[in-house]
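Here are my notes for a first look at this one. Have the sequence and the structure open as you read.

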Amino acid sequence: MNPQLDTRLFEPARLNLLIGLALFVLFLVVNIARARGGAAMFIRPMAGLKAVEEAIGRATEMGRPVLYVPGLGDMSEGGTLASITILSRVARRTAEMGCDLEVPGYDPVATTMMEGAARQAYVEAGRGDSFRAGSVHYVSAQQFAYVAAVTGYMLRERPAANIFMGSFYAESLFLAETGNLTGAIQIAGTDQVTQLPFFVCACDYALLGEELYAASAYLGREPIQLATIAAQDWAKGLAAGIVIVASILTALGHPEVGRLLQTR
Amino acid sequence: MRNGPYVVTFLTGALIVSFFFIPHHRAQEAQSVILDWSNVVYAFALILGSVTLWAGHQRKVATRAPGWAYSVVTLASLAFVTIWGVAQGVEEGTAVNAFYNSVNSPLASTMFALLAFFIASAAFRAFRARNTEATLLLVTAIVMMIGRVSVGEFIWPGFPKLTEWLLDVPNLAAKRAVAMGVGLGAVSTALRIILGIDRTYLGRS
């Protein structure tokens, strides 16, 4: 059908996605209600996020800055949104501990949002005057120009802690190895599956995939935010169950359930 | 007024999500318009970012901070590309295009080439038989490296097949599992922002 003349109000091939989204929203509503009712939300400990506190403390003791690299994604990417929310938490801790924070930005829109989030975090920590103008700054929207600038900063200023959170691509190992050369403690988290092995090998702590998205809620420890992680886990359990059932049925010669999961 | 940004976020987010399920041509046209608006916002943010970049490097030159000579190069490049790009354009045959092809591209390629050495140094540090998992990683890495080069087949004909199996079965299974988690995490983050549960992106807790 010519897309310009398409007058349908719903795409039937995407009904399964709509049902999945509706279920996710239902899980969200149920868990938020549980959180508001006072139910305890258990989140398994994540070593990488516990290490953020230690890393900032280490930087404060050494009198060296914390470098926060928010990745190379733009505002349309979930990894960048997660990175901004994590930055807000990290900025609050650096403000409370009196540590310097440096955030080189790749995307100009995301950099503007990050500056606002960091500045507000300092204000909420009661250290609005300590926020250094220029600590969150735009560098370049060219991949390796950005990498050159960030690695140059690492080698000159020798930050005590490097936190890489967001969407990274070919430059991930570049950043991690250079940081390793300077002796900084390194914590990384990315949603890019192909870059995870590099961060696992080269960094002290790594957040794998969805842990990046859970990090903001984990660091804030607000019940409503933790409820969204619980909803995420319920959805993951349901998806895993459906995949297992579909796989078994397909192997037994009944691919109908598997076909229901196909999308266009 | 204070809740204005949340309302805009909710309406825009809900609209974009609904357009995914609505193939009506008017909905798709509206989606294109909204995406064009985001390009306009990006352009203004780029101007803001460039001004910030200029101010930062100008301060370094004025105070003769360490490495200020590199800031002079940055400022000169920024001015040249901006002025010549606006005046002459950036198509094939223009000065900016020539600058990009003869300076920027080779520099980016050089940086990319350095990755090979970083991979070697990371592998040297990471592939140590410290514990069971590290030993498994070491053995797998050795099998992969031998299986990927031409001489591997001459050492043992099974190396390429074993390499392909490692990539197609355990590696792919793990990648898909992580990708599923990432997908659900992205949906969770997007819903938190659209529904106003997470407001830190606006600088509010």
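1. A term to start with: a nonpolar core is a set of buried Ala, Val, Leu, Ile, Met, Phe, Trp, Tyr and Cys residues joined through C-beta atoms within 7 Å. Buried here means that 20 or more other C-beta atoms lie within 10 Å of a residue's own (exposed is 12 or fewer, partly exposed is in between), with C-beta atoms placed from the backbone. The largest such core has 88 residues, and Leu87(A), Ala118(A) and Ile163(A) have the most contacts inside it.

2. Before going on, note that this is a predicted model: local features need pLDDT of at least 70 and side-chain atom pairs pLDDT 80 or more, while totals for chains, interfaces and linings use all residues. Residues are numbered from 1 along each chain as its sequence is written, and chains are lettered from A, with ligands numbered from 1, in the order in which they are written.

3. Look at Leu87(A). Two residues are in contact if their C-beta atoms, placed from the backbone, lie within 7 Å. Setting aside neighbours within four places in sequence, Leu87(A) touches Tyr68(A), Pro70(A), Val103(A), Met114(A), Ala117(A) and Ala118(A).

4. Chain A as a whole has ten helices and six strands (DSSP runs numbered from the N terminus: helices are H or I, at least four residues; strands are E, at least two). Of its 264 residues, 50% are buried. Take the contacts in chain A between residues at least 6 apart in sequence: 72% of them join residues at least 24 apart.

5. Chain A splits into domain 1 (47-220) and domain 2 (222-264), with bounds from an automatic or database domain assignment. The centres of the two domains, taken over C-alpha atoms, are 33 Å apart.

6. Now chain B, which has seven helices and zero strands. Its radius of gyration (over C-alpha atoms) is 26 Å, well over the 17 Å from the globule rule for 205 residues, so chain B is more spread out than a compact globule. That rule is 2.2 Å times the number of residues to the power 0.38. In chain B, 11% of the residues count as buried.

7. Where do chain A and chain B meet? In all, 61 residues of chain A are in contact with 48 residues of chain B. Helix 4 (residues 108-124) gives the most to chain A's side, with ten residues. That side divides into 34 nonpolar, 16 polar and eleven charged residues. Here Ala, Val, Leu, Ile, Met, Phe, Trp, Tyr, Cys and Pro count as nonpolar, Asp, Glu, Lys and Arg as charged, and the others, Gly among them, as polar.
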